[in-house]
Amino acid sequence: MNSFEALRDPDRCRAVLERIEKSLDGRRMRFMEVCGTHTVALFRSGVHSLLPRSVVHLTGPGCPVCVTHDSEVAAFLEAARMRGVVVATFGDLMRVPGPDGASLKDAQAEGARVEVVYSPMDALELARRNPGDKVVFPGVGFETTTPTVAATLRLAKREGVTNFFVLPFHKIVPPALEALVQDSNMAVQAFMLPGHVSAIIGVEPYLPLAEKYRLPSVITGFEPLDLLQSIFLMVEMLRTQNPRVVNNYRRVVPPEGNPKARAIVDEVFQPCDALWRGIGLICGSGLALRPEYKAFDAFEALGITLRETPAIPGCRCGDVLKGLLPPNKCPLFGKVCTPSSPVGPCMVSTEGGCAAYFKYRLAD
């Protein structure tokens, strides 16, 4: 049996599940999986359906498309509708509705020049091939994707490319988790921490969750045994009242993360305050371009400013991202809001909680 087969072995999973039930001993536990990929993995693997009813898992702000604020989506649309501008974007942003219900896909249908790319390097190549146009890359995502954008900007500067720009809306995960914990409406007892983000930032940024807020937190992989072992660790820490931050994904996540990736990000970006859908403004949770890279800032190059925008009527995506509402309890879920006709971004992205609930038929 190879290592991946072992992580999916039914007998091993069943043994850990029995340990969870024994450790719970009738107690309840509410944990939040921060990463959208964990949301999907819990459903796809069947772990969600196997857990005792006393274990409740909540979706969190771990989907980059979902946490992109309405005003940021409006900025993408504003850029797309400008003459001489090409917006080069990841495909999952194409269908995210803006405040007026329109998306980049709608703007494209109306004549805007919107191109789907698979990496920021593809967007830079598009700028090289179209020197008479301004190519704008919407920079969204967490610590996992930011290094590739930073590396692309460093290359653009080195090559002297003057028509490539980024709308910098990258988010930093740990400040958002602290903001959630400080919300008086939160009822989370433990965090399942993202594996991909942690591969970049390591363990240390999460330590306040356990040391300051007394919340068990486990960095987790994506296989069934990863998920079950991490849930067991959270249950045990609650049972013994000994909260810690545990790295249960050591085959991928070094304690120090990836210093080289962080160094590239630090060269290009600096921390700033950022807007999160459903949560609002969080201090130090975003990244702005450093002065040395301001020539690539689409805000300045295109004269774009963030404007106050109304929320999408009826959409409860913000409450879903804070763990206050299960996706299937939104009045729009599965009725007027479906993956083929999404009202909010949580139904657009494959990592969105609403899309996951819909796909795995969690309607009640």
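The model is predicted: local features need pLDDT of at least 70, side-chain atom pairs count only at pLDDT 80 or more, and totals for chains, interfaces and linings use all residues. Numbering runs from 1 along each chain as its sequence is written, and side-chain values use heavy atoms, with hydrogens and water left out.

Disulfides to begin. The cut-off is a pair of cysteine sulfur atoms within 2.5 Å. A search of the whole structure finds two. Cys 63 bonds to Cys 66, S to S 2.5 Å. The torsion about that S-S bond is about 70°, so the link is right-handed. Both Cys 63 and Cys 66 are buried, meaning under 20% relative accessible area; exposed is over 50% and partly exposed is in between, with a 1.4 Å probe and protein chains only.

The other disulfide joins Cys 317 and Cys 346, sulfurs 2.0 Å apart. It is right-handed too, with 65° about the S-S bond. Cys 317 sits in helix 16 and Cys 346 in the loop between helix 16 and helix 17 (353–359), so the pair ties together parts 29 residues apart in sequence. Helices (H or I, at least four residues) and strands (E, at least two) are DSSP runs, numbered from the N terminus. Cys 317 is buried at 3% relative accessibility, Cys 346 at 1%.

What about Cys 315? Its sulfur is 4.9 Å from the closest cysteine sulfur, in Cys 317, too far for a bond. Cys 315 is partly exposed, at 24%.

Now cavities. On a 1 Å grid over the protein atoms alone, a cavity is a set of points where a 1.4 Å probe fits but cannot get out; lining residues have an atom within 4 Å of a point. Grid points are joined across faces, edges and corners, and a volume is the space filled by probe spheres set on the points. There are two cavities of 30 Å³ or more. Helix 3 (36–44) and helix 16 (317–321) each supply at least two of its lining residues.

Last, strand 3, residues 85–89. Five of its five residues are buried, so it is largely enclosed by the rest of the structure. Strand 3 runs parallel to strand 4 (residues 113–116), joined by four bridges; pairing needs at least two DSSP bridges. In strand 4, Val 116 is the bridge partner of Thr 89.

Notes:
On a 1 Å grid over the protein atoms alone, a cavity is a set of points where a 1.4 Å probe fits but cannot get out, and a pocket is an open set with protein on both sides within 12 Å along at least five of seven lines; lining residues have an atom within 4 Å of a point.
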